[in-house]
Amino acid sequence: MSVELILPRQQSPDVAAARAKARLIRDRQRVLAIRRRKRLETALPWLIIIAFVALWELFVRALGIAEFVLPAPSTVVRSMIRWYEPLLLNAGVTLLTTSIGFAAAIVVGLVMGVALGSSTLIYRGVYPLLIAFNSVPKVAVVPVLVLWFGVNSIPAIITAFVISVFPIVVNVATGIATIEPEQRDVLRALGARTTDIVMKVGLPRAMPYFFASLKIAITVAFVGSITAETVASESGIGHLMIVASSRFDVPLVFAGLIVTGIMGVAMYAVAAVIENHTTKWATRGQDNF
Amino acid sequence: MTLPSPSRPFAEVSEVSMYYGGAHGTLALEDVTMNIGHGEIVAVVGPSGCGKSTLMRLMSGLWLPTEGGVIIDGREVDRPLSVVGMAFQNPTLLPWRTILQNVMLPLEVADEHRGRLRKHRAEYTAKAHELLKLVGLASFEDRLPHQLSGGMQQRASLCRALIHDPKLLMLDEPFAALDIFTREDLWAVLENVCLVYKPTVVLVTHDLREAVYLADRVLVMSARPGRIIAERTVPFERPRRREDTLSPAFSAMVQELRDLIDLARHSVAGVPEHVS
């Protein structure tokens with residue numbers, strides 16, 4: 001067989017050099033553009049927060065809104081400085097109760113998720129009850145919990161647990177239940193047991209789902225514990241806000257809200273960092289440059 | 001209890017019928033009988049939906065037939081037997097494992113290897129190296145699947161199907177998702193692997209050139225309910241070469257199979273008897 005190929009054209013050395021130089025300049029410009037974009041990406045959240053606070057301040061001052069209706073950010077900050085000790089103390093309590101409830105939700109959520117995801121029977125049997133539980137407004141349950149356990153941290157822990165366990169269970173179960181049938185067949189044809197398939201395939205592939213659910217669960221866990229604290233408690237950021245609002249100290253209420261927001265974002269960030277380090281394979285292609 | 005004997009075929013499928021959704025459901029396979037010899041490469045072709053993949057699942061013990069029976073290597077198939085290695089159109093590699101770890105996966109679950117893996121890891125790893133080298137992936141062992149092209153992933157999937165020395169290799173349209181150049185490369189890779197390890201192979205495919213290139217014998221199935229309506233022995237010498245696919249004899253055989261499939265697609269169940 002005789003094949004004639006089209007060969008690459010020969011370039012004169014100076015043309016080649018000129019092209020190489022142009023390429024170098026283009027590359028440098030591209031790198032700079034990417035760096036600018038990176039910087040913008042990291043700065044943007046802060047810029048938006050600053051803009052939001054500035055607009056808020058302007059809005060309140062321009063319309064002359066009373067402090068007990070909507071305090072300006074500057075007023076809230078002053079309140080935060082003045083009350084920093086009770087704020088920190090109560091935030092600490094809330095952080096602790098939320099973390100305990102959340103930790104319990106992780107353990108129970110993983111176990112239940114694996115059980116539901118690996119057995120259709122358990123899934124069909126338990127799921128309706130689970131949804132029923134999740135549909136109950138947690139705020140309605142807190143008085144009952146207080147009746148059972150008294151006015152202390154336990155109702156807050158339980159509420160944080162109950163509210164955050166559901167997304168974890170559902171996500172882990174989904175991750176395990178959606179193993180590709182062919183993947184399952186490859187292993188089953190080798191005589192693999194259900195536990196093998198769950199351990200080797202189900203759990204690892206459920207991890208991205210699991211971490212995604214943690215990010216949701218941690219934020220709703222705060223909602224749960226603070227809800228419980230506002231209903232009945234002697235400490236915690238929810239308790240502090242209720243006390244503040246009963247004294248019409250609206251700036252302090254807002255200070256509590258902001259502290260809560262900061263805690264939520266911080267915990268979310270922790271979950272995100274853990275996610276990035278454990279399930280890199282699932283976010284392929286997003287880490288270029 | 002049936003005992004293996006050199007005179008009996010490696011795999012016997014006897015009067016197998018398969019209904020989906022109970023005995024009154026859809027009839028997917030009807031009265032399929034076939035024998036496969038030791039080390040034979042058999043291709044099963046047929047119109048889509050004819051039950052080729054069902055046949056494969058029955059032979060690997062993933063499903064049990066409604067009627068009839070399957071005997072592999074002298075054993076009645078009543079559950080998955082780990083003498084089988086499988087590969088599908090989708091490479092189904094685990095994305096969090098490196099290629100080497102993916103290839104070693106069957107050793108962690110197959111009964112006769114899982115107990116030995118810890119002590120004999122070096123020996124097994126050597127086997128994996130050897131297989132990966134044979135399919136041309138030696139320098140990609142530590143990559144993750146998504147860093148490889150589709151054809152390379154399929155090569156790895158083939159290694160995974162072979163790592164535990166299966167006596168029966170089941171391939172369900174393994175190259176269907178690949179472009180024609182990659183596919184033809186992999187035909188040669190697969191044939192080479194088969195010549196080295198000599199497993200018995202059942203290749204389900206709808207690519208007739210692939211069937212003729214790779215198989216010792218081609219079975220043609222009818223449209224659903226699937227029955228075997230014809231059988232052709234491929235006379236070409238091994239190892240086969242790409243030039244063979246251009247020969248008139250090769251084209252004639254492909255054409256003949258094509259006509260049989262047309263017949264199978266347009267026939268109503270029960271009309272054409274064995275055409276061969």
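Is the crossing of α2(B) and α4(B) left-handed or right-handed? I opened the notebook with this point, keeping in mind that the model is a predicted one, and I found the crossing of these two helices to be right-handed.

**Entry 1, the helix pair in chain B.** I looked up the geometry of helix α2 (residues 99-109) of chain B against helix α4 (residues 121-134) of chain B, and they pack at an angle of about 125 degrees with their axes 10 Å apart. That angle is why I noted α2(B) as oblique to α4(B). I then listed the residues that meet: from α2(B) these are B:Leu100, B:Val103, B:Met104 and B:Leu107, and from α4(B) they are B:Tyr124, B:Ala128, B:Leu131 and B:Leu132. Sorted by class, this contact has 8 nonpolar residues, with no polar and no charged ones.

How many residues of helix α1 (residues 52-59) of chain B are buried? I counted 8 of its 8 residues as buried, and I therefore recorded the helix as mostly covered. Following α1(B) I came upon B:Gly61, which has a positive phi, near 85 degrees.

I next turned to the contact between the chains, in which 17 residues of chain A are in contact with 20 residues of chain B. On the chain A side, α7 (181-188) and α8 (194-231) each supply at least two residues, and α7(A) gives the most, with 6 residues. By class, I noted 8 nonpolar, 2 polar and 7 charged residues on the side of chain A that touches chain B.

The domain assignment divides chain A into domain 1 (14-64) and domain 2 (73-282), and I noted that the C-alpha centres of domain 1 and domain 2 of chain A lie 35 Å apart.

I looked at A:Met207 in helix α8 of chain A, and it counts as partly exposed because it has 17 C-beta neighbours inside 10 Å. A:Met207 touches A:Thr278 and A:Thr279, when residues up to four places away in sequence are not counted. I also checked A:Met207 against A:Val172, which is 35 residues apart from it in sequence and 7.4 Å apart in space, C-alpha to C-alpha.

For A:Leu130, placed in helix α4 (residues 120-135) of chain A, I again found 17 C-beta neighbours inside 10 Å, so that A:Leu130 counts as partly exposed. Leaving aside neighbours within four places in sequence, A:Leu130 is in contact with A:Phe166 and A:Val169. A:Leu130 and A:Ile154, by contrast, are 24 residues apart in sequence and 22 Å apart in space, C-alpha to C-alpha.

Is A:His239 buried or exposed? I recorded A:His239 as buried because 23 other C-beta atoms lie within 10 Å, where 20 or more are needed. A:His239 has its place in helix α9 (residues 237-246) of chain A, and it touches A:Asn90, A:Glu229, A:Ser233 and A:Glu234, not counting residues up to four places away in sequence. Last, I noted that A:His239 and A:Ile226 are 13 residues apart in sequence and 7.8 Å apart in space, C-alpha to C-alpha.

Methods. Residues numbered from 1 in each chain as written. Chains lettered and ligands numbered in written order. Predicted model: local features only at pLDDT ≥ 70, side-chain atom pairs only at ≥ 80, totals over all residues. Axes fitted to C-alpha atoms, helices over the stretch in contact; angles between N-to-C directions. Helix = DSSP H or I, 4+ residues; strand = E, 2+ residues; numbered from the N terminus. Parallel < 35°, antiparallel > 145°, perpendicular 65-115°, else oblique. Left-handed = near helix turned anticlockwise from the far one by under 90°. Contact = placed C-beta atoms within 7 Å. Nonpolar A, V, L, I, M, F, W, Y, C, P; charged D, E, K, R; others polar. Buried ≥ 20, exposed ≤ 12 C-beta atoms within 10 Å, placed from the backbone. Domains from an automatic or database assignment.
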